[in-house]
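Subject: Structure for you to look at

Hello,

Here is the structure I said I would pass on. Please open it alongside this message, as my notes refer to it throughout.

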Amino acid sequence: MERQKHFVLVHGAGHGAWCWYKVATLLKAAGHKVTALDMAASGLHPKRVEELRDISDYFEPLMEFMKSLPPEERVILVGHSMGGLCNSVAMERFPEKISCAVFAAAIMPGPDLSFTAIREEIYYAGYNGSP
């Protein structure tokens, strides 16, 4: 039997962990471990949208989760829509903890379009108050 995989499901903007209920059920039924997270100010996460200073605050729940993983554990990240941006940041910060990432109709920064570059573009375009 194939070894159990750990899937981390990251929702898109305007959603919450709830949106993964069918996918999570199927993955669990196949014998995998599944973690569906609520990003800040989304789903059941207690932070309010007015409390988010910048996009880094939004994906902080994913960063905290990745930090909490045991050193030997590697996960499969699955991100939808804006969840792809969250995945990209996690890949930059925790490459040793990620076996692969799936971008499902998601934002997908790359070598020439890193999270840092996107953040600076947003800041200099005047969409946000901090770089």
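Below are my notes, from the whole chain down to single residues.

Please keep in mind that this is a predicted model.

Overall layout. The protein chain contains 5 helices and 4 strands. Their order along the sequence is β-α-β-α-α-β-α-β-α. The chain has 131 residues, and 40% of them are buried. If you take the contacts between residues at least 6 apart in sequence, 62% of these join residues at least 24 apart. The accessible surface is about 7700 Å², and carbon and sulfur atoms account for 58% of that surface.

Helices H3 and H4. Two packed helices are described by the angle between their axes and the distance between the axes. For H3 (residues 60-68) and H4 (residues 83-93), the angle is about 35° and the axes are 10 Å apart. The crossing of H3 past H4 is right-handed. On the H3 side, the residues that meet H4 are Leu-62, Met-63 and Met-66. Their partners in H4 are Cys-86, Asn-87, Val-89, Ala-90 and Arg-93. Sorted by class, this contact has 6 nonpolar, 1 polar and 1 charged residues.

Nonpolar cores. The largest nonpolar core has 19 residues. Val-8, Met-39, Leu-62, Met-66 and Leu-77 have the most contacts inside this core. Strand S1 (6-10), H3, strand S3 (75-81) and H4 each give it two or more residues. H3 supplies the largest share, 4 residues. Another core, of 8 residues, lies apart from the largest one, and its members include Phe-7, Leu-9, Trp-20 and Ile-76.

Leaving out residues up to four places away in sequence, Met-66 touches Val-75, Leu-77, Ala-90, Phe-94, Lys-97 and Ile-98.

Thr-35. This residue is in strand S2 (residues 33-37). Is Thr-35 buried or exposed? Its relative accessible area is 15%, and the cut-off for buried is under 20%, so Thr-35 counts as buried. Again leaving out residues up to four places away in sequence, Thr-35 touches His-6, Phe-7, Val-8, Leu-9 and Phe-65.

Regards

Methods
Residues numbered from 1 in each chain as written. Predicted model: local features only at pLDDT ≥ 70, side-chain atom pairs only at ≥ 80, totals over all residues. Heavy atoms only, no water. Buried < 20%, exposed > 50% of the residue type's maximum accessible area, 1.4 Å probe, protein only. Contact = heavy atoms within 4.5 Å. Areas by Shrake-Rupley, 256 points an atom, 1.4 Å probe, with all protein chains shown as cover. Axes fitted to C-alpha atoms, helices over the stretch in contact; angles between N-to-C directions. Left-handed = near helix turned anticlockwise from the far one by under 90°. Nonpolar A, V, L, I, M, F, W, Y, C, P; charged D, E, K, R; others polar. Core = buried A, V, L, I, M, F, W, Y, C linked by side-chain atoms within 4.5 Å.
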